[in-house]
Amino acid sequence: MRRRSLIAGGGIGLVGAALAAPAIAQSQPEIKWRLASSFPKSLDTLYGGGEYLAKRIAEATDNKFQIRVFAAGEIVPAFQVLDAVQNNTVEMGHTASYYYIGKDPTFSFDCTIPFGMNARQMNAWMTHGGGLELLRNFFKDYNVYNIPAGNTGA
């Protein structure tokens, strides 16, 4: 008998928490960001990564944080995504950093390069070897907070 009352009481507590959650979500402001991609829509794996990220963020925030993804050339040309983020033309960019080695060769360390590290080595350096901290310090000068988002192993 005691077990039934405990289960019933627990169920009421869960319902109460579920009812309170939408009120909290409703009080949050709606945020809409634009993401400029260096990739065309025809590259569904690369371009699709940005769309997948936007979809998951919208789901996780009850559509309070929405990201609209734009393919290469829709807002800025493919190789000007870094400039668009740096100058606050868009809030986010999805690109490969080695496109910008003309600005500074250091950009090559943020992305695998031919004859460089493989995907496993790159991920290990980023997450356990201090690479991400070094790169974030570098990107700070470009008004960018970089987040590794996949590794094609190119």
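Helices (H or I, at least four residues) and strands (E, at least two) are DSSP runs, numbered from the N terminus. This is a predicted model, in which local features need pLDDT of at least 70 and side-chain atom pairs count only at pLDDT 80 or more, while totals for chains, interfaces and linings use all residues. Residues are numbered from 1 along each chain as its sequence is written, and side-chain values use heavy atoms, with hydrogens and water left out.

**Exercise 1. Find out how many helices and strands the chain has, and in which order the elements run.**

Step 1: The chain has five helices and three strands.
Step 2: Read from the N terminus, the order is α-β-α-β-α-β-α-α.

**Exercise 2. Work out which element gives the largest share of the lining of the largest pocket.**

Step 1: At least two lining residues come from each of β1 (31-37), α2, α3, β3 (92-94) and α4. The largest share, six residues, belongs to α2.

**Exercise 3. Decide whether Leu46 is buried, partly exposed or exposed, and list what it touches.**

Step 1: Leu46 sits in helix α2, which spans residues 44-60.
Step 2: Buried means under 20% relative accessible area, exposed over 50%, and partly exposed in between (1.4 Å probe, protein chains only). Leu46 has 30% relative accessibility, so it counts as partly exposed.
Step 3: Contact means heavy atoms within 4.5 Å. Leaving out residues up to four places away in sequence, Leu46 touches Phe39, His94 and Thr152.
Step 4: His94 is 48 residues from Leu46 in sequence, yet their C-alpha atoms are 9.0 Å apart.

**Exercise 4. Describe the largest nonpolar core and the place of Tyr142 in it.**

Step 1: A nonpolar core is a set of buried Ala, Val, Leu, Ile, Met, Phe, Trp, Tyr and Cys residues joined through side-chain atoms within 4.5 Å.
Step 2: The largest one holds 17 residues, and Tyr142 is among those with the most contacts inside it, along with Leu82, Phe107, Phe139 and Val144. Two or more core residues come from each of α3 (81-86), α4 (119-128) and α5 (131-139).
Step 3: Beyond its neighbours within four places in sequence, Tyr142 contacts Leu82, Gln86, Lys103, Asp104 and Phe107.
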